[in-house]
Each structure stands twice: as C-alpha cells, then as structure tokens.
Amino acid sequence: MDLFILYLKYYIIPTLLISTVLLTLVLLFKRIYYEQKKPLRESITNKVEIFLTEMILSKSNKEILRKNLSEFRKEIPLHKSWCKEMVINDMIRFKQNLKGKSAEHVNYFYQVLKLNTYSAGLIRDFRNYNKCEGFYHYQALDYKEGMPLIKPYLKHSNIIIQSNANMAYISLSKNIMESFKEFPAKISFLNSIKIMDIFHEKKVPMPKNIDEWIATNNNSVTRLGLKTMVYYNYRNRSKEIIALLQKEDDVLKKEVLITVRELFLTEAKEDLISIFDSSSVEIKSEILESLKVIGDESIIPFLKHQIQLETNKDIKLKAVDCLNQFNKTALDELANIDPDTAKMVKHVREIYL
Amino acid sequence: MIHNIINQLIHFYEIFIFIFSVTYILIYVILSFLSYYAISKHLRYQKFISEDILTRSNHVLGVSIVAPAFNEGVNIVYNVKSLLSLTYPKYEIIIINDGSTDDTLTKLITEFELVKIDFYYQEKIVTRPVKGHYKSTNPIYSKLMVVDKENGKSKADASNAGINSAQYPLFLCTDVDCILKRDTILKLAKPFMENETKVIATGAGIRISNSCEVEEGFLHKVHFPKDWYPRFQELEYVRSFLFGRMAWSQINGLLLVSGGLGMFDKEIAIKVGGYWHKSLGEDMELITRMRKYMHENKQKFLIKYIPESLCWTEVPETREVLLRQRTRWARGLVQTLYLHRKMVFNPKYGKTAFLILPFFFMFEFLVPIIEFFGIIALTTSFIMGFTNIEYLVTVSIFVYIFYLLITLISILIDDLLYKSYANYKELILLIVMAAIEPFVYHPLNVFASLKGYWLFFRQTEQKWGIMIRKGYGTIQKQTS
C-alpha cells in the first residue's frame, strides 16, 4: 500500500495533473483558433460560392474561364486542404443541381484548379476514410479520367473501400453494370440502395444481360436484378420471376412478391396461393399485398377461407383488405357473422387511413 | 478491544476501497479507448453511404415516431409541426394523448383538421383503454395520427398504445416536447439497414434545451445553460453519451437507450411485452428484456449508439425537481437489477450476465452505497484518530484528477466533432463546472440515489412528480 501511495504521489498524480492542464490548454487554444479563423473561412466560403455561380452560369469561352480561374486561385488559400475540400463540396452541390453545359463547366473547373490531384492524393492516402472521400469526389463530379486510380480497389479486402470503389467505378463507367451478373460476393442492402441510386441519378441504360441476373445462384444479385427490372418496368421474364417463388430464401421471396405487384404480373396468382400455407407470416402478408394488386374475382374463395380461419389478426386484416378490393358484398356477409371482421372492414374502408 | 475491532474494520474497508477504485479506474481507462475507437469508426463509416441517397430511396425501412403527450396544450401544435418537418422518406407520427385534462386534444383536432376514424386497434401490448384514433382530413398532415386514451399514469402505458397503433417495422420513442434534429430518423434508422446482424435498438446523444433559442418548436441556436443545475446536467450528458455509451456500444453492451430518444425493432419490442408500466426506469428495463429475449432465442443482435446529439430536451432547473428525478432513476436502476437478478452469471445470457449486469451492479448501484460508508468510515476514523492523512489526501487528489481528465476528454471530443457551444467562454464555464462538480453536484446525486434505493426497499408507492417546464417562451406544467 505504501509503495502504491508513493507511486501515486510522485508519478501518477503529477502525470495526470500535467495531462489535465495540457488537455485544458489544447481544448481552449483549439477553440480560440477556430473562432479567430471562422470569419475568414466564412468570407472565403461566400467568395467561392459567388465565383462559382458566376462562372458556372457564364457563357464565356474556355480561355476567359481559365484566366478568371487563375485569378481566383490567388484570392483564396487553395493550398490549404480545408479550402480545397470546401471548393470541391461546393462544386458537388452545383453539379447535383445542374444539367447540361453548366454541369460540364464544373468538371472543367475541377481540373483547371487541379482539385482532381487533391482527390487523387486522398485515394492514395493510407487512411481508409480518405480513400472513400476521394472515390466520392470522382463519382460525384463524374471525373472519368480517375477510373484507373479506382480500379485497384475494386477487390480490396476492406469491405467499405471495396463497396465505395465499386460504386464510384460503376457510376463512372455505365457499361460495367453488366458485370454484376458475375459479382462474387453478397451485395448488402445498403449497396443495393446505392446501385439503384446510380441507376436513378445517372440515367444508366438497363443492363443488357439483366435476364441473367435473376438466374444466378447469388441471391443478392437476383434481388438487385428484380429491383432493376421494376425500375425499368421490364416484364419480359415473368415466368422466371414467378419461378423464384420456389426458392427457400425469404428475403428473396419478399423481393419477388414486390416485383410481382410492381410489374403487375397477374399470371402469378395461382403460384402465390399455392405457396401461401407453407409461408412465414411476413411472406403471407406480402402475398396478400400482391394479390390485392394483381388479383381478380377468382381468388375470392381463397380469401373468404383465409378470413374465416386465419388466427393471426395482421394476416386476417390483410385478407379483409384484399377481399374488399374484389367483392364488397362477400366481405359484408362475413362481417355480419363475425364482429371482429366487421371492425376490420371498417378499418380497410376508412378513407383517411 | 472495540478500538481494535474498529481499526481492523477500517483497515479492511481501506483495502476494499483500494481494490474497488483500481478496478473502477481500469474499467474507465478501457472504456475511454473503446469510446475513442467507436467514435472514430463511426466517423469513418459515415463515408460508406451518403445520407442524401437514403433520403431519396424508396427502399428504406419505415419508421413510426411514438410520442406520448400529457397536458401539453401550450406547445403541442409547435411540437407536432417540428416532428412533421423531419427528413425521411417513409415515416408516420403517432401522438398519444394520455388522458390530458387540458386542451391538448382539442388543439390538435382544430390545428391539424383531425377526424375520428375507424381504426382496427390490436392490443398486442396491454394498455389502458384507447378511446379513439384521429387522422387529418388535410393531406399535408397525412403522416400524423393521434391516439386518444385513458390516462395510464405512466409514459410506458402511453408509449405501448402508440406501438400498438404503429404500422412500420421500426419505432422511434421520444417525448413530445423534445426537439429533434431534422435528420434524426435517418441517423437512427441507418444502423438497422447497414448491419447484417439484427439491430434491435439504436440511440443517440441528448442535449439540454433550457437556454437554447427555440421558436415554434424549432431549434434556432444552441446555448450553454444559464442556470447551475442544467449546467451540471449538460456536463453529465456530454460525458455519459460520448464517453460511456459509445464505449458500451462498441462492445455491444448497452443496457440503456434513453426514453427521450431511442429507435427500436417493433417486432421484438412487442414480443417482450413493450414498456413495463410499473417501471420507474422503463427505458433500461425494456432494453434488458429485449437482450434477455434475444439471448433466450439464441439470436445474434446489436444495440448501437450514435455519437451525435440529435435531441434537445428540457431538464430540471431546481434542486427539488432534480432530486425527485434522480431518486426515480435510482429506483428504476435497482428495480431493473432486482427484477432481472436471475440473469446474472447465468451462461444462457452471455455478455449480459457476465459483464453488463455485474458492471451495473458494481459500478452504478453500489457506488453511492460505498461512498456513504466511506463518509462513515472517514468520520469514525477521524474521531478515533486512525486517519492516515497522507493516504486520504493522495487518493482523493488522484480520484479527483482522474475524474476531471475523463470529463475533459469528453468535452474535447464533443468540441472537436460538433462545436456544440457558441464560444470559448462557454467552454471555460463548462471546464469550471467540471472542476466543481464533485463538491457541489455529485453529493446531491449520491443522496438522490440512496433515497431511491431506500424507497425501493421500503416498497413505498411510486409517484410521478410535477415538473414546471418553461416551455418555449411560456410556462407549462406536466409530469416529469
């Protein structure tokens, strides 16, 4: 104990005390420095925004633009990383909100101001998050010349780098979409959202081999294929889509059911009914959602049967909603003999829900 | 003889305190590293997907915001408008009027053009009777639904009625007077979508709105609180959210997601029976039950925390209200630990049994008791002349500086990342608060905890006090 007190007194406490004082000083100095630099940063931000707006919307030729840009370089501390970052972010914002010639101007500025080399530096940096930032710059500013720099990271061991590199590469090279058929790994939920966003933002043409996407053994690629088919309203492979209902994977089944209703594949009715009893609650619910869209009077007996026998209230409510779509009289008859069904009928007929 | 026995007892107590303190400090050192790692990982991972992409997507998970309201007539309209302005492609707002005796419901009906609807209400979690559901006739407010129910004397009961009425797979539980950042839903829902392992709950930092500029339910400017008690609580919140919870999140050990702001998997929450209306710490109790359920069903799960302040709430400004709140929290803690005592060291519950619950017992529940016995030991030894002044002073200085360092690290992280305060003067104030907190504020907390334990073990009936809230430029009353 005495030894411990000795250590505390002569080593640990002084070390902690010095650390505390240093930490306090660092905290305050950093904050004061930030506050001092804030007006300068704000004025530069305004300057950059005004300049970019004028230049992007101007109809001057490239020579004049180049001259103006070199003068602009002298007015802002473009050698500082924070300034480069700020200008790039402004450019991205403009790019996302502009189309045509003005959007092309943004790319031109990006190169003339040599900000592309800054992004390249970020990609070469050892820190993963900087690499991702660099990929994002190239992707958002549509800097196709940067593709060779991204390519080595397409199969990177780090899943985040790999994903972001792939997304940037796909975005810059529209034809690469075809290669998804061969994608070796699982495409995560967020990655599929990112890919769909690229389809949406870049107006990529539908991949020519989309039929093959839904024939792979990689269920995540199949799911992406189904989403893509829905996006392009591509109905040519209805048979193959419906056949996917026989797969064991519930996540895939759910995607198939969404596709069935989104593409209005009415021929799927019997298949949906045939798998109903053996499905999980979630899939049953999706089946009824789809039947509500693609069904007709032929499914009324099935629905009546479900309403009378189903014990899960959520599923019963879906069945009531579905029957309400095709035969209100039949539903009223069921409501007359079962008060619970009557309440559900009121719910599904409520116009504000 | 007695002299010797007391001397021996104090000596044993000294050794116990020594071992306990060293363990405590070591744990905090480990937590600080974990917290640093978790925050930097979070920041790096942010680059994985731009939040704009999620905002544009049709494929995101739907979220129901569940916000109970009791006698909130003064601000309810502003609060709902604030919630309606959140950015997320697929969400609904469920306001539960928990038997308000003021004009809360009338104001909602008038302002948002509500009509009573035929809603098929399934009481998946048992609550006090629901009188009706209301929806707006105006499509602008189509996201809003109001559930009118009998008062259940607890937020838990009202929240459960909201969960029963929710249509989406995730629900965000908040207090109606909390001010949320626009992207709150997106930030809290993101972990549910980006993890392969099932995420059952997420939470984020809560800050104090007492001196902030709030206009019609929208946060205009963040300020450091003007009053003493909110200032100490600000410090407490920064430390607890950035330091403690991020570290626990890193090792998937969170046992608490605040009632003021937490997102949950609806299916799991319903399966475990929702919030327990008799609990005084219903948020902690729900998470404990959710963990228990996942362990029992051998399902892998995650509970994630986000190191960002997404919610601003009003905290007690007077000692009386603060003590009452902290007493209730302490009762909630001991109640939850007692209720789930059989989980401790039961191999079925893995990490929860061997790490989390023992930690909460040792370093949350026991600390106020040990401090209390410390005062007795100190007084006794002083009277009987056993006091080793050198030991006392050295250890006290060590503990004080260590605590100060931990608090300063939290403030530094917060300021580097979020610049939450208006200027450096507010930071200086915060540092001063940190320096005096152990002498001024901490004893109050210890007292409140001991009182809470005492009331729990005496089985005194639980009471929800009245807290006078300033509101947004007005004064209103509501339950604390």
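Tutor: The term needed is contact, which means that heavy atoms lie within 4.5 Å. Please keep in mind throughout that the model is predicted.

Let us begin with helix 10 of chain B, which spans residues 319-339. Two packed helices are described by the angle between their axes and the distance between the axes. For helix 7 (residues 228-250) and helix 10 of chain B, the axes come within 11 Å and cross at roughly 30°. On the side of helix 7 of chain B, the residues that meet helix 10 are B:Y229, B:Q233, B:E236 and B:Y237. Their counterparts in helix 10 of chain B are B:R319, B:L322, B:Q325, B:R326 and B:W329. Sorted by class, this contact has 4 nonpolar, 2 polar and 3 charged residues.

Helix 10 of chain B also packs against helix 9 (residues 282-296) of chain B, at an angle of about 20° and with the axes 9 Å apart. Angles under 35 degrees count as roughly parallel, and helix 9 and helix 10 of chain B are therefore roughly parallel to each other. Their crossing is right-handed. Helix 9 of chain B contributes B:M284, B:E285 and B:T288 to the contact, while helix 10 of chain B contributes B:L333, B:T336 and B:L339. This contact comprises 3 nonpolar, 2 polar and 1 charged residues.

Strands of a sheet pair through backbone hydrogen bonds, either parallel or antiparallel. In chain B, 10 strands form an open sheet with mixed pairing, in the order 3-4-5-2-1-6-11-8-12-7. Strand 3 (114-117) and strand 7 (179-180) of chain B stand at the edges and have a single partner strand each, so one side of each lacks a neighbour in the sheet.

Strand 2 (residues 91-98) of chain B pairs with strand 5 in the parallel sense, over 6 bridges. In this pairing, B:I95 has B:V146 of strand 5 as its bridge partner. Strand 4 (residues 130-136) of chain B pairs with strand 5 in the antiparallel sense, over 5 bridges. Here B:G132 stands opposite B:D148 of strand 5.

How many of the residues of strand 5 of chain B are buried? The count is 6 of its 6 residues, and the strand is accordingly described as mostly covered. In a regular strand the side chains alternate between the two faces of the sheet. In strand 5 of chain B, one side carries B:L144, B:V146 and B:D148, the other carries B:M145, B:V147 and B:K149, and all are buried, which leaves both faces covered.

The axes of helix 2 (residues 62-75) and helix 4 (residues 100-112) of chain A come within 11 Å and cross at roughly 50°. That angle makes helix 2 of chain A oblique to helix 4 of chain A, and the crossing is right-handed.

Conventions: Residues numbered from 1 in each chain as written. Chains lettered and ligands numbered in written order. Predicted model: local features only at pLDDT ≥ 70, side-chain atom pairs only at ≥ 80, totals over all residues. Heavy atoms only, no water. Axes fitted to C-alpha atoms, helices over the stretch in contact; angles between N-to-C directions. Helix = DSSP H or I, 4+ residues; strand = E, 2+ residues; numbered from the N terminus. Parallel < 35°, antiparallel > 145°, perpendicular 65-115°, else oblique. Left-handed = near helix turned anticlockwise from the far one by under 90°. Buried < 20%, exposed > 50% of the residue type's maximum accessible area, 1.4 Å probe, protein only. Pairing = 2+ DSSP bridges. Nonpolar A, V, L, I, M, F, W, Y, C, P; charged D, E, K, R; others polar.
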